Amino acid sequence: MKKYILNVWTVCFLTLCLAACNEEDFSSREYYKYVVYLLSKEDYNVYSDVYPFDDGNEVKGYFSIGCGGSLANPEEITVELEADTVLMSKYNRANFDIDTFKFALLLPESRYRIESMRVTIPAGNEDQYVKVPVTVMPDGLSPDSTYFIPLAIKSVSRYEINPEKYNMLFRVSFENRFSELATATYYSMRGNTVNPPDYEVLAGSAISSTKLARPLSKNSVRMFAGTGPVKADFGVDPDLVKPTVDELEKYGIILTVDENDSVSITPYGTIQVEQINGDYWNTYEEARNNMVDDTFTQYFYLRYRYRTLKTPPDTYNNWITVQETLKRLIN
């Protein structure tokens with residue numbers, strides 16, 4: 001009996017030893033292929049970065065080149081990039097069909113800089129990706145255009161290229177503290193038409209609208225005067241919200257905020273506009289939402305008169321005088 005029990009224990013011990021010997025070390029062995037790709041998040045391999053305005057200075061953003069696998073790549077990889085010639089057409093046709101006015105544009109080569117189209121992923125790179133800097137001059141770019149830098153992987157020194165992620169549309173967006181392009185920025189407007197010179201509010205003079213705000217520089221945005229020609233659609237893809245050139249010329253105004261939060265109102269196109277200062281009008285405010293955190297709500301308080309071009313070159317409609325409170329809406 002004792003001999004039988006001893007044999008059982010011996011068999012169990014040997015079985016455990018064999019199991020331990022056959023157990024694989026998953027922490028030190030690669031079970032997936034190393035595959036090189038361009039990181040993208042959206043349909044049509046779009047990857048976006050946001051560039052804040054900086055008083056006319058160049059601003060640096062990034063895209064990423066990754067190397068997939070369960071472990072860091074053991075060898076250095078050289079990735080050669082080139083301009084892509086496929087995705088822009090697919091993106092425009094799929095999203096806008098024949099509406100060429102809304103087509104995305106190539107970012108002019110004079111407005112950006114990529115230091116080198118040869119990128120090295122170092123051996124043992126634990127992040128499993130490298131960031132590639134793209135320097136852009138955002139000032140002067142159109143707030144109504146979608147800008148892309150199309151890129152593709154031309155070759156790699158080793159491993160494979162992901163056939164579905166070998167190319168990418170790098171979208172250059174920009175923003176200031178009042179509005180952004182990546183997500184359309186809207187302000188709700190409540191106000192009145194008023195009669196000078198006392199600017200009294202008359203019965204039935206209430207006006208309201210939802211205004212789309214586009215960033216123009218570090219401290220300026222563009223909106224429509226009054227209720228504008230079109231009601232903005234809060235929540236719509238910003239790529240689909242594009243006023244026509246005629247609408248911008250006729251109704252576009254620029255709000256510029258100085259260091260004292262005073263607002264100047266100037267024409268964007270053929271519209272004529274004159275601001276009417278006094279009391280708290282033509283100012284900007286960031287009002288704290290509570291005393292617990294640092295969140296705040298943004299407001300513009302505007303009073304001005306405007307008139308739109310009726311018949312070129314110099315026949316205008318009558319002046320309209322308005323006072324408005326604009327509150328930024330959060331998506």
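Let's start with one pair. Arg113 and Glu115 join their side chains in a salt bridge, at 2.9 Å from N to O. Keep in mind that this is a predicted model.

How exposed are these two partners? Arg113 is partly exposed, because its relative accessibility is 34%. Glu115 is exposed, because its relative accessibility is 59% and the cut-off for exposed is over 50%.

Why do such pairs form? Side chains of opposite charge can pair when their charged atoms come close. How many salt bridges does the structure hold? The count is 15.

Here is another one. Arg222 and Asp144 meet through their side chains in a salt bridge of 2.7 Å, N to O. Where do the two residues sit? Arg222 belongs to strand S14, residues 220-224, while Asp144 is in the loop between strand S8 (129-136) and strand S9 (147-156). So this pair ties together parts that are 78 residues apart in sequence.

Buried or exposed? Arg222 counts as buried, because its relative accessibility is 3%. Asp144 counts as buried too, at 13%. The cut-off for buried is under 20%.

Next pair. The side chains of Arg177 and Glu286 form a salt bridge, with 3.0 Å from N to O. Arg177 lies in the loop between strand S11 (167-175) and strand S12 (185-195), and Glu286 lies in strand S18, residues 283-288. The pair therefore ties together parts that are 109 residues apart in sequence. Arg177 is partly exposed, with a relative accessible area of 43%. Glu286 is partly exposed at 33%.

Now back to our opening pair. Salt bridges with shared partners link Glu58, Arg113 and Glu115 into one network.

On to the sheet. Take an open sheet of 5 strands. What is the strand order? It reads S6-S8-S3-S1-S10, and the pairing is mixed. Which strands stand at the edges? They are strand S6 (112-113) and strand S10 (160-161). Each has a single partner strand, so one side of each is left without a neighbour in the sheet.

What holds such strands together? Strands of a sheet pair through backbone hydrogen bonds, either parallel or antiparallel. Look at strand S3, residues 59-68. S3 and S8 run antiparallel, and 8 bridges join them.

Pro133 is partly exposed, because its relative accessibility is 27%. Pro133 and Arg113 are 20 residues apart in sequence, yet their C-alpha atoms are 8.6 Å apart in space. Leaving out residues up to four places away in sequence, Pro133 touches Lys60, Gly61, Tyr62, Arg113 and Ile114.

Next, a helix. Which residues of helix H2 (residues 87-96) are buried? They are Leu87, Met88, Tyr91, Asn92 and Phe96. Their arc around the axis is only 125°, which puts them on the same side of H2. Here is the background. An α-helix has 3.6 residues a turn, so residues three or four places apart point the same way.

What do those buried residues pack against? The partners are strand S2 (46-52), strand S5 (105-106), S9 and S11. After H2 comes Asp97, with a positive phi near 55°.

Now the cores. The largest nonpolar core has 31 residues. Which members touch the most others? They are Phe63, Ile65, Val79, Leu81, Val134 and Phe170. Several strands each supply at least two residues of this core, including strand S1 (35-38), strand S4 (77-83) and strand S7 (118-121).

Zoom in on Ile65. Beyond residues up to four places away in sequence, its contacts include Val36, Leu38, Val79, Leu81, Val119 and Val132. Apart from this core lies another, of 22 residues, among them Phe178, Ile207, Ile253 and Val263.

One last stop. Thr297 lies in strand S19, residues 296-307. Thr297 counts as buried, because its relative accessibility is 14%. Which side chain does it meet? The side chain of Thr297 makes a polar contact of 2.7 Å with the side chain of Asn289. Not counting residues up to four places away in sequence, Thr297 also touches others, including Glu286. And Glu286 is the salt-bridge partner of Arg177.

Methods. Residues are numbered from 1 along each chain as its sequence is written. This is a predicted model: local features need pLDDT of at least 70, side-chain atom pairs count only at pLDDT 80 or more; totals for chains, interfaces and linings use all residues. Side-chain values use heavy atoms; hydrogens and water are left out. A salt bridge is a side-chain nitrogen of Lys or Arg within 4 Å of a carboxyl oxygen of Asp or Glu. Buried means under 20% relative accessible area, exposed over 50%, partly exposed in between (1.4 Å probe, protein chains only). Helices (H or I, at least four residues) and strands (E, at least two) are DSSP runs, numbered from the N terminus. Two strands pair if DSSP finds at least two bridges between them. A polar contact is a pair of N or O atoms within 3.5 Å; within protein, one must be able to donate a hydrogen and the other to accept it, and residues adjacent in sequence count only if both atoms are side-chain atoms. Contact means heavy atoms within 4.5 Å. The arc is that of the directions from the helix axis to the C-beta atoms. A nonpolar core is a set of buried Ala, Val, Leu, Ile, Met, Phe, Trp, Tyr and Cys residues joined through side-chain atoms within 4.5 Å.
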